[in-house]
Amino acid sequence: MLPLLLALLSAPAHALTQKQAGPYIELGAGGGGGGGTPVGGRVGGHLSVGLWRGTYDDAYSFGRYWSVGLANRVDLAPSTGALSVAPMLEVRRGLDVFVANTSPFLAGGPLLVLDGGTAVGGTARGGLSVKWRRHRFWGITFRFEGGADFVADTVAPTFGLYVGGGFGRPAREMPKLK
């Protein structure tokens with residue numbers, strides 16, 4: 001019995017991967033902190049839109065990919081009323097394993113702080129986006145990020161946790177076996 005079990009477990013996987021590419025979009029809301037000393041609380045949201053490319057099986061949502069896109073963050077600091085807008089370029093390395101997706105990312109871009117006047121600076125962030133798939137294209141997303149904001153010769157930490165939804169699919173379906 002044991003040799004049969006070992007033979008079945010060592011058989012190749014049934015996922016048939018091939019080069020694929022397609023769009024993705026994520027939308028989330030949450031909160032975090034940042035903005036100097038002391039670190040103040042923030043509420044906000046993110047919208048990420050981009051394209052991915054990699055070796056993928058669209059029937060099983062299985063594979064590895066790289067993606068490049070725009071990650072837009074909007075945060076409000078309730079204590080000061082300051083609104084921060086950060087349109088960033090984001091690069092991800094993703095891994096889909098059936099119902100779970102993990103995507104470490106790096107992002108950076110300009111930062112606009114609207115607090116009576118307008119301050120312009122920059123931001124650099126890194127983190128992890130996790131998706132729990134409820135369908136082969138749709139899922140619930142959790143985004144954890146941290147980094148630094150650079151405004152008016154000041155460097156301030158920033159961090160956040162966002163919960164939302166995401167959609168990603170290949171631009172074309174794989175040919176089926178006959």
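**Entry 1: a buried pair**

I began with two charged residues, glutamate 90 and arginine 92, and found both buried. I kept in mind that this is a predicted model. The side chains of the two residues meet in a salt bridge, at 2.9 Å from N to O. Glutamate 90 also has a salt bridge with arginine 143, and here the N to O distance is 2.7 Å. Glutamate 90 belongs to strand 4 and arginine 143 to strand 7 (residues 138-151), so this pair ties together parts that are 53 residues apart in sequence.

Why does glutamate 90 count as buried? I looked up its relative accessible area and got 0%, and the cut-off for buried is under 20%. Arginine 143 has 1% relative accessibility, so I noted this residue as buried too. I reminded myself that side chains of opposite charge can pair when their charged atoms come close.

**Entry 2: the other salt bridges**

How many salt bridges does a search of the whole structure find? My search gave ten. One of my look-ups was aspartate 75 with arginine 73, where the closest N and O atoms are 2.4 Å apart. Aspartate 75 and arginine 73 are both buried. I also traced a network of salt bridges; among its members are Glu26, Arg42, Asp75, Glu90 and Arg143.

**Entry 3: arginine 42**

Next I followed arginine 42, which sits in strand 2. Its relative accessibility is 11%, which means that arginine 42 counts as buried. The side chain of arginine 42 makes a polar contact of 3.4 Å with the side chain of threonine 158. I then checked arginine 42 against leucine 76: they are 34 residues apart in sequence, yet their C-alpha atoms are 5.4 Å apart.

**Entry 4: strands side by side**

I turned to how the strands pair. Strand 2 (residues 40-57) and strand 3 (residues 62-77) run antiparallel, joined by 15 bridges. Across from leucine 51 I found valine 68, in strand 3. Strand 3 also pairs with strand 4 (residues 82-97), again in the antiparallel sense, over 16 bridges. There, serine 67 has arginine 92 of strand 4 as its bridge partner. Four residues lie between the strands in this hairpin, and glycine 81 takes a positive phi near 80 degrees.

**Entry 5: the whole chain**

Last, I stepped back. The chain has 178 residues, of which 37% count as buried. Among contacts between residues at least 6 apart in sequence, 59% join residues at least 24 apart.

Methods:
Residues are numbered from 1 along each chain as its sequence is written. This is a predicted model: local features need pLDDT of at least 70, side-chain atom pairs count only at pLDDT 80 or more; totals for chains, interfaces and linings use all residues. Side-chain values use heavy atoms; hydrogens and water are left out. Two strands pair if DSSP finds at least two bridges between them. Helices (H or I, at least four residues) and strands (E, at least two) are DSSP runs, numbered from the N terminus. Buried means under 20% relative accessible area, exposed over 50%, partly exposed in between (1.4 Å probe, protein chains only). Contact means heavy atoms within 4.5 Å. A polar contact is a pair of N or O atoms within 3.5 Å; within protein, one must be able to donate a hydrogen and the other to accept it, and residues adjacent in sequence count only if both atoms are side-chain atoms. A salt bridge is a side-chain nitrogen of Lys or Arg within 4 Å of a carboxyl oxygen of Asp or Glu.
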